[in-house]
There are 2 protein chains.
Amino acid sequence: MSNIWTKNFANRTKRMQSSTIRELLKISNLPGVVSFAGGLPSPDVFPVDEFKKACQVVLTDYSHQALQYGTTEGYLPLREMICERSGRYGIHIQPDNVLITNGSQQALDLIGKVFIDAGDKVICEAPTYLGAIQAWKVYGAEFISVETDEHGMIPESLEEKIKQKAKLIYLLPNFQNPMGCTLSEERRHRIIQIAHEHQVPIIEDDPYGQLRFEGEHIPPVLKLDADLRGNDKDDYQGNVIYLSTFSKTLAPGLRLAWAIAPKDVILKLVQAKQGSDLHTATFNQILAHEVCKNDFLDRHIPLIRKVYGARRDLMMDLMDELFPPGVTYIRPEGGLFLWVTTPEQIDTQKLLPVAIANKVAYVPGAPFYPNGGGLNTMRMNFSNASEDGIREGMKRLSLVMKEALV
Amino acid sequence: MSNIWTKNFANRTKRMQSSTIRELLKISNLPGVVSFAGGLPSPDVFPVDEFKKACQVVLTDYSHQALQYGTTEGYLPLREMICERSGRYGIHIQPDNVLITNGSQQALDLIGKVFIDAGDKVICEAPTYLGAIQAWKVYGAEFISVETDEHGMIPESLEEKIKQKAKLIYLLPNFQNPMGCTLSEERRHRIIQIAHEHQVPIIEDDPYGQLRFEGEHIPPVLKLDADLRGNDKDDYQGNVIYLSTFSKTLAPGLRLAWAIAPKDVILKLVQAKQGSDLHTATFNQILAHEVCKNDFLDRHIPLIRKVYGARRDLMMDLMDELFPPGVTYIRPEGGLFLWVTTPEQIDTQKLLPVAIANKVAYVPGAPFYPNGGGLNTMRMNFSNASEDGIREGMKRLSLVMKEALV
């Protein structure tokens, strides 16, 4: 590359890396490969007919607005709908508490832009979501890993680690990416208290909360935080930014998600978004609103739960049946992912090229640990492959593992 | 706001401001106000029927792909189409030279992320595009204003200012926002040479290049730079990043634009975009490709030119007829904007509330000058209002001005 470019790159580019997962997506798209990598929803549950109808309505009744520039905050009826739906889970807010983003990844980026100076510390689960690491490292974040088990972040470990003066606590409470685990209600309360005592805000990232196959719904951290404070019902002024998305309930190809926060925090995120891309596509926002009005998601989400739940069951059954002894996994109550731990002699990063040569792909677990570890772990996605694909892929992967353990 | 948030804001938030223009858009949307503020295309030229047809095709033939996650670089057939169309203007590139972004604003943000460290200097026209100032200030850019007249940036002034060790040169060569002026071919050559001598990359921002109403097309700076170097026809390795958009030829509500650059620069921008929002909406990209294939834009753009050209003519005629003596403007050969200079006793920022009270809006010129100046200037958009609206708005504005000059 010409020196004129490299010599002008900003210092932060040294902290940029291509995401292992996204590079893998390219390989795992090759014909014949069964991919448990990626985190793709199943196209079988995309509501294509509803989109078709809604496109016609939007382009007939709202064309001038839908194709025009819009406000940075987002399409008001969509934000109102998000308020209404959030209210069902005890999150009582107004449209000024909501910012529409291009997928949750943009919300993470905007949070980085607004909160993270170089050298700032972010407390996270270990392992944690790769996209958050990628988004925040660019701004110079350092990560403090808190011990995490099948019930999520361990409060005692948080209490120890938080003494290092952190800027943010990052949590994925439901069906965590990558571990699939869910933070217990007891731990949610405890973590809120610790965050409050140390005055550290919490980022609650909840892309999968709606996709629970079994067990009881646990209230969002934001709701529990509001309860604790006895906030005015419609004016949340607490300590949590809550993120969710239409990517897993509607379709990721629209790039539509949202952040919920105290109004003044939303204002700051809006300023950051103005400079980042002006606003999220108006057409997509009006389209999503048109599809989702009249409670479409209430009818659609049970279908997604059914399909993904069956695939999870199948994958767990095949693990029990086919995987060599010493391989364990966490049973997820929802979401998209199964977290697998192999015997220590397997390095899942080194095994991956062998797996791909045998036409099956997964994501090695190590990159999800910002401070190292997890060499013998892997994340397996069960939402995207068909049931036949899961059967075939699990056969292939079990053979690859057995071979590696000989 | 609770102290827990403010005390955790990053230092760069001090450099964030809400855009005057975008705050104005809200006011100027009030019923009865004729708005020459904003930079909105006319909804009269949105190809609504073509979008309707294309939505059905996309959701029938490409639904699984269009609603799914996609690659960060963008939809390959769309990037191929951009290569083909760029080739007509002498920009010979391959898809690896193209990144699809959420509007050009995102390309500006990604350039800031990749190139600008706090304190870095960016050379720009004065006045220059507000969105670039907003995008880059967040990363700590300082701006060096180069003298600019109705033929664009003045090379002699650049030659003087570039000695201050700049990181980037930012140019809007065609129908500049806000001045409407076009950089002459002679000056393009000279600026390329100066940039090459001092090894400073050029950002060529060209959202309006297709919207020429009169005069001769002038080759893009990137093409002239490639010619100078004798680059291999399809492997551009020069000194320029070129930005353009579908917002002004198709519809801004899709948020679709692109950056053209040497391949290794695109790779770095792709890494930045992965962390920022993973990718641009797949649905929108496939939709735009479906609408634009078979050279639709070749038939559609002449319509836009005709409508906007007539509105520009009308606005200029009314300025000649109605505005008080001492008010001057630059005749734009295309684009969306007329740049007006008033007698010095008028401060256009102070006049704006009076204008809005009289139900007409414009954008004061001062915010477009990163280092001050332009108090008696204003930007007037002629693309969005109807011809009747232009007549009424110009009458109102001329009365407001006359009153102010009494």
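Predicted model: local features only at pLDDT ≥ 70, side-chain atom pairs only at ≥ 80, totals over all residues.

Biologist: Which strands stand at the edges of the open sheet in chain B, and why is one side of each left without a neighbour?

Modeller: Seven strands form this open sheet with mixed pairing, in the order E2-E10-E9-E8-E7-E3-E4. Each edge strand has a single partner strand, so one side of each is left without a neighbour in the sheet. From one strand to the next the twist averages 20°. The edge strands are E2 (98–101) and E4 (142–146).

Biologist: Is helix H6 of chain B largely enclosed or left open, and how many of its residues are buried?

Modeller: Helix H6 of chain B runs over residues 103–115 and reaches 19 Å from its first C-alpha to its last, close to the 18 Å expected. A residue is buried if 20 or more other C-beta atoms lie within 10 Å of its own. H6(B) is largely enclosed by the rest of the structure, because the number of its residues that are buried is 13 of the 13.

Biologist: What kind of axis relates chain A to chain B?

Modeller: Chain A is superposed on chain B by a rotation of 180° with 0.0 Å of shift along its axis, at an RMSD of 0.0 Å. That relation is the one given by a two-fold axis.

Note on methods. Residues numbered from 1 in each chain as written. Chains lettered and ligands numbered in written order. Pairing = 2+ DSSP bridges. Helix = DSSP H or I, 4+ residues; strand = E, 2+ residues; numbered from the N terminus. Axes fitted to C-alpha atoms, helices over the stretch in contact; angles between N-to-C directions. Expected span 1.5 Å × (residues − 1). Buried ≥ 20, exposed ≤ 12 C-beta atoms within 10 Å, placed from the backbone. Least-squares fit on C-alpha atoms with pLDDT ≥ 70 in both.
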